Amino acid sequence: MPPVSDGEDLLVQRLRDRDEAAMTLFYDRYSAALYGVIMRIVKKEEEAEDVLQEGMVKIWNSFSSYDASKGRLFTWVMNVCRNLAIDRIRSRQYRVGTRTQPLEDSAAVREPASPTFRPEHIGLQEMTKKLSPDQQQVVDMLYFGGYTQSEVADELNLPLGTVKTRARAAIKVLSKLIR
Amino acid sequence: MDIQQYIESGILEEYALGVLPEADRAEVERIAATYPEIRHELNSIVGGLDTYAEAHSLTPPSGMRERVLAGWQQAIRAEQPAATAPVAPVAEAPYTAPQAAAPVAEPVVRPIGSAPQTPSYEEAPRRGFGWLMAASVALLLSLAGNYILYNRWQNTETALFAAQNDQARFAAAQQASQKQLSSQGRELAVLRDVQFQSVTLAGTPAAPSAKARVLYNPATKAVYVDVHSLPAPPAGKQYQLWALDNGKPVDAGVLAATTAAGDSLQQMKDITSAQAFAMTVEDAGGSASPTLSTMTVLGKML
């Protein structure tokens, strides 16, 4: 496991003890990363805020299902929020809510990421520079778009094997960056 | 089990991306727990994606911290009101972060009694109201836009109908002109044709002012009649033209009302030979032999 020296284990312990004040700490520690990914998926500030709050409720209520031996807290909470955000863009409720919005907003929700997408973080450009545009497109559709690998293959008109190869290559590149 | 082969299979990447079904996820976790090498590989794969996710970090807008924490607290209390209602004030619980960088600067967890009065609680409905306002404004704008577009559409529709009517009218007028032009062209051709002999029919004592003309082409046997003036025939009666060949009357056809009124030339039946022409008033449809008492005009060929 990557080193967990920055107090994550203590936070985990407090959350396990149902310490409500620990959620403030949780927010200060993870909100930027969670909010960035949620925004990347739902693309609207109000929606992202709703999803983050919903995610925190879910993390609190189902915290007993978090198993630290299986992975970092960060990974777990990121997946909770990412899945909620993906559910949100796929749900009917979302579509009803956006009915009076401009057309380009609602149509763009499930589009694959543009390689030029540039949030206010210095690390992203450096990371994506290591990925080919093809690799980034596939990994973004899988990770942020909630697509299955077969759906990506359909969408991009590629053989499933090619999609799998690109996804694996992309993740290899990303994990090499932190080794 | 071949660890290297398992790592190469790509299932760990699929696990990290969250695209595996639940049963396969559990299997990956079981295997990773058994083989440290696989656990290590899985951690670095997950770590790579985590770093990628973290690279998308965005600082949330100001004010969101209080709203989200208050909303979270409201939600967890609403879900288990009985269990957490008698909660003790935990806000001031002494907690020091392991690192100095993470102090609990502003705990928002407060005794339940003071909760409804905190301003942060009122943010949520206000934000909902803002949404409603935005939606209402969007709807109003949309309605206004629709009204304008509907009016424009209506105007366009009206203009289109008018244009189509005009077009139909012009087409009909043009067709009529064309027909008139071709009939006048034919009349002119007859009048200019030197083969046609003109026979002037003068009024008889029964109708002294009557006057007509017959154009006869002995070569083609064609006969045209051209009326200058004739008394209107009685109801149920028609003028009939007769060719007189060696004193014997030959039917040359009846005159249409427009011809009798002098509107245009009318081609009559072909006549093989004639020395004179005459018109009588007969029953509508014509007679086999002329009623001599009603002879109106008569003229001899020169």
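## A guided tour of chains A and B

Begin with chain B as a whole: among its contacts with a separation of 6 or more, residues 24 or more positions apart account for 58%. The model on the screen is a predicted one. Chain B contains eight helices and eight strands. Of its 302 residues, 23% count as buried.

**The sheet of chain B**

Select the eight strands of chain B. They form an open sheet in the order E5-E4-E7-E8-E1-E2-E3-E6, with antiparallel pairing. Strand E5 (248-254) and strand E6 (266-268) of chain B stand at the edges; each has a single partner strand, so one side of each is left without a neighbour in the sheet. From one strand to the next, the twist averages 30 degrees.

To find one of the paired positions, select B:Asp245, whose bridge partner in E5(B) is B:Lys248.

Stay on E4(B) and select B:Leu244, which lies in this strand. Is B:Leu244 buried or partly exposed? A residue needs 20 or more other C-beta atoms within 10 Å to be buried. B:Leu244 has 19 such neighbours inside 10 Å and therefore counts as partly exposed. Which residues does B:Leu244 contact, its neighbours within four places in sequence left aside? They are B:Pro249, B:Ala274, B:Gln275, B:Ala276, B:Phe277 and B:Ala278.

Now select strands E2 (residues 211-217) and E3 (residues 222-229) of chain B. Seven bridges join these antiparallel strands. One of the pairings is that of B:Lys211 with B:Ser229 in E3(B). The hairpin of E2(B) and E3(B) has four residues between the strands, and in this hairpin B:Lys221 takes a positive phi near 70 degrees.

From E3(B), continue to E6(B), which pairs with E3(B) in the antiparallel sense over three bridges. Here B:Val223 stands opposite B:Met268 of E6(B).

**A helix pair in chain A**

Move to chain A and select helix H3 (residues 45-61) and helix H4 (residues 73-90). Their axes come within 9 Å and cross at roughly 130 degrees. H3(A) and H4(A) are therefore oblique to each other, and H3(A) passes H4(A) in a right-handed crossing.

To display this contact, show the side chains of both helices:

- From H3(A), select A:Glu47, A:Val51, A:Leu52, A:Glu54, A:Gly55, A:Lys58 and A:Ile59.
- From H4(A), select A:Val77, A:Val80, A:Cys81, A:Leu84, A:Ala85 and A:Arg88, which the H3(A) residues meet.

Coloured by type, the residues of this contact divide into eight nonpolar, one polar and four charged.

**Where the chains meet**

Finally, display both chains. Their contact takes 53 residues from chain B and 56 residues from chain A. Which helices of chain B each supply at least two residues of the side that touches chain A? They are helix H2 (11-17), helix H4 (36-54), helix H5 (64-79) and helix H7 (119-192). H4(B) provides the largest share of that side, twelve residues. Colouring the side of chain B that touches chain A by residue type gives 33 nonpolar, 13 polar and seven charged residues.

Terms used:
Residues numbered from 1 in each chain as written. Chains lettered and ligands numbered in written order. Predicted model: local features only at pLDDT ≥ 70, side-chain atom pairs only at ≥ 80, totals over all residues. Pairing = 2+ DSSP bridges. Axes fitted to C-alpha atoms, helices over the stretch in contact; angles between N-to-C directions. Buried ≥ 20, exposed ≤ 12 C-beta atoms within 10 Å, placed from the backbone. Contact = placed C-beta atoms within 7 Å. Parallel < 35°, antiparallel > 145°, perpendicular 65-115°, else oblique. Left-handed = near helix turned anticlockwise from the far one by under 90°. Nonpolar A, V, L, I, M, F, W, Y, C, P; charged D, E, K, R; others polar.
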